[in-house]
Amino acid sequence: MNIDHVAVNAVSLEKEIQFFVGFLGLQLLQKWESPRQAYVGSKEGVVIGLIENPDYDGSAFTMAHLAFSVSEAEFDDWVKKINESDLPVIAGPKEQRGGRTILFHTPSKNIVEVCCPEARKTIEQQAY
């Protein structure tokens, strides 16, 4: 069994699409008007569903987040891009799990993490 997609709430579907496509560089894969939702991601990789919910209140405390891995060489550029945006940083940049991480809010207050190395690499390094 594989995860097909993960879906998050979007106060404004258009703003959340702009974040995932314009800021993170994912592709808009599909969009519907009834109900208002979209898939963003890549044809061969991750697929994230965005579901418009104007009443969503992302201010409640949660540890739930979407994590995107980047290379060590790219990490500082992502930190700079995030810090230069108007997206609120929640934590980081900091050392974690033998790598680095930064967490921040999307326009709908979903939490996104940019990290290195990817979780799979740190899992593979563990001795069982």
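**View 1. Six aromatic pairs are found in the structure.** Rings of Phe, Tyr and Trp (its six-membered ring) count as a pair if their centres lie within 6.5 Å; planes under 30 degrees apart are stacked, those over 60 are edge-to-face and the rest are tilted. Let us start with F23 and F104: the ring centres are 6.2 Å apart and the planes stand at 70 degrees, so this pair is edge-to-face. F23 belongs to helix 1 (residues 13-23) and F104 to strand 7 (residues 99-105), so the pair ties together parts that are 81 residues apart in sequence. Helices (H or I, at least four residues) and strands (E, at least two) are DSSP runs, numbered from the N terminus. F23 and F104 are both buried, where buried means under 20% relative accessible area, exposed over 50%, and partly exposed in between (1.4 Å probe, protein chains only). The model you are looking at is predicted: local features need pLDDT of at least 70, side-chain atom pairs count only at pLDDT 80 or more, and totals for chains, interfaces and linings use all residues. Residues are numbered from 1 along each chain as its sequence is written, and side-chain values use heavy atoms, with hydrogens and water left out.

**View 2. W32 and Y39 form an edge-to-face pair, because their planes stand at 80 degrees.** The centres of these two rings are 5.1 Å apart. W32 counts as partly exposed, at 28% relative accessibility. Y39 is partly exposed too, with a relative accessible area of 24%.

View 3. An α-helix has 3.6 residues a turn, so residues three or four places apart point the same way. After helix 1 comes G25, with a positive phi near 85 degrees.

View 4. P117 lies in the loop that runs between strand 8 (111-116) and helix 3 (119-125).

**View 5. R97 and K109 have positive phi values although neither is a glycine.** For R97, phi is about 50 degrees; this residue is in the loop between strand 6 and strand 7. With 43% relative accessibility, R97 counts as partly exposed. K109 has a phi of about 70 degrees and is found in the loop between strand 7 and strand 8. Its relative accessibility is 41%, so K109 counts as partly exposed.

**View 6. Stepping back, the chain has three helices and eight strands.** Their order along the sequence is β-α-β-β-β-β-α-β-β-β-α. The C-alpha trace spans about 50 × 35 × 25 Å along its principal axes. Of the 128 residues, 34% count as buried. With contact meaning heavy atoms within 4.5 Å, 48% of the contacts between residues at least 6 apart in sequence join residues at least 24 apart.
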